[in-house]
Amino acid sequence: MALKVAIVGLPNVGKSTLFNALTQTAAAQAANYPFCTIEPNVGEVGVPEPRLDALAKIAKSKEIIPARITFVDVAGLVRGAANGEGLGNQFLANIRDCDATALVARCFEDGDVTHVEGRVNPLDDLDIIETELMLADLDSLERRMTGLEKRAKGGDKESSATLRLATLALEALNAGRPARSATISEDDAKAWRMLQLLTSKPALYVCNVDEESAATGNALSDQVIERAARDNAKAVVISAKIESEIAMLDLEERGEFLETLGLHEPGLDRLIREAYALLGLQTYFTAGPKEARAWTIPVGATGPQAAGVIHTDFEKGFIRAETIAFDDYVALGGEAGAREAGKLRSEGKEYVVRDGDVMNFRFNV
């Protein structure tokens, strides 16, 4: 699955520093978490997954291949961006192509770094971002409504369905709420995504704090966390400056540095995992002498759907999935031990894959 998260924020909030730290981390961990630069402002990183190392050791895998997620460093937006101010058109196009947004709010004071609004207020930062995205969505929908209404009156069923969803979105936006606040049924989910609304995308709040607050956060990040709780959203506290420093260290130095800061892991690992979870995703594994690999699937995916992520032929010709829970695979020393202990299960087409399943597919094309 090609997953993209847009890093969105005002100028001078640490957005690009965060993106650079992500790409540097990926480059530094190339052995386990490959990185490639697709465009100057697009980076693809591996989802941190300690379970892969354990699988690779047991299966004696030559290569470790993690699940991947792409981050897009969107041009800093300003008030009026929805009307073309700054690089408005560019940021809108970049966000529309992504699956989720990471909204970066400045939660640090620094007299040497000017805030575009002349003050440091993370809640105002988030309000500006959300307002510009909502205005862009309103404009997009209003320009489409006349055509949709005309086609719907003419009996076009697809246009009628789209018009109904567009109306729901407009109701939310006109009430000052993002489109994601609208209640959409599972049957309408695909058509809803086709509207390509900026505020319908899942959002993660990123609190960029000063170095001293990296482990515990501060009063400014607390405000964002409280807002996230009210919005039924997630928030991550991170110091982009520290993450840039961590990214340049080797693994041993990194562990020592994190310990001095009171951190158990890099904040970027938490950010990547939260972005992954935000999209309603989970991981299953394949493991063998050639490679140990993590595969991305939606929560609730069945065996055939999971197989289809590897190759469409696997889904079409699915027979069964030989499945071992991750904990059993590790505890019993791999596939042979799990089979002998009766922990290797043969699952059919109705099986709902669980996070961490180690799977081997049988299929016929």
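Helix 4 and helix 7 (residues 219–230) have axes that come within 9 Å and cross at roughly 45°. Helices here are DSSP runs of H or I with at least four residues, strands are E runs of at least two, and both are numbered from the N terminus. This is a predicted model, in which local features need pLDDT of at least 70 and side-chain atom pairs count only at pLDDT 80 or more, while totals for chains, interfaces and linings use all residues. Residues are numbered from 1 along each chain as its sequence is written, and side-chain values use heavy atoms, with hydrogens and water left out.

**Helix 4 with helix 7**
- Helix 4 and helix 7 are therefore oblique to each other (under 35 degrees counts as roughly parallel, over 145 as roughly antiparallel, 65 to 115 as roughly perpendicular and the rest as oblique).
- P122, L123, L126, D127 and E130 of helix 4 touch L220, Q223, V224 and R227 of helix 7, where contact means heavy atoms within 4.5 Å.
- By class, this contact of helix 4 with helix 7 holds 5 nonpolar, 1 polar and 3 charged residues (Ala, Val, Leu, Ile, Met, Phe, Trp, Tyr, Cys and Pro count as nonpolar, Asp, Glu, Lys and Arg as charged, and the others, Gly among them, as polar).

**Helix 4 with helix 5**
- Helix 4 also packs with helix 5 (residues 157–174), their axes coming within 9 Å and crossing at roughly 150°.
- The crossing of helix 4 and helix 5 is left-handed (the near helix is turned anticlockwise from the far one by less than a right angle; clockwise would be right-handed).
- Among the residues in contact are M134, L138, L141 and M145 of helix 4 and L163, A166, L170 and L173 of helix 5.
- The contact of helix 4 with helix 5 divides into 11 nonpolar, 5 polar and 4 charged residues.

**Helix 8 with helix 9**
- Helix 8 (residues 240–247) packs against helix 9 (residues 251–261) at an angle of about 155°, with the axes 10 Å apart.
- That angle makes helix 8 roughly antiparallel to helix 9.
- The crossing of helix 8 and helix 9 is right-handed.
- On the helix 8 side, I242, E245, I246 and A247 meet R254, F257, L258 and L261 in helix 9.
- The contact of helix 8 with helix 9 comprises 6 nonpolar, no polar and 2 charged residues.

Conventions. Axes fitted to C-alpha atoms, helices over the stretch in contact; angles between N-to-C directions.
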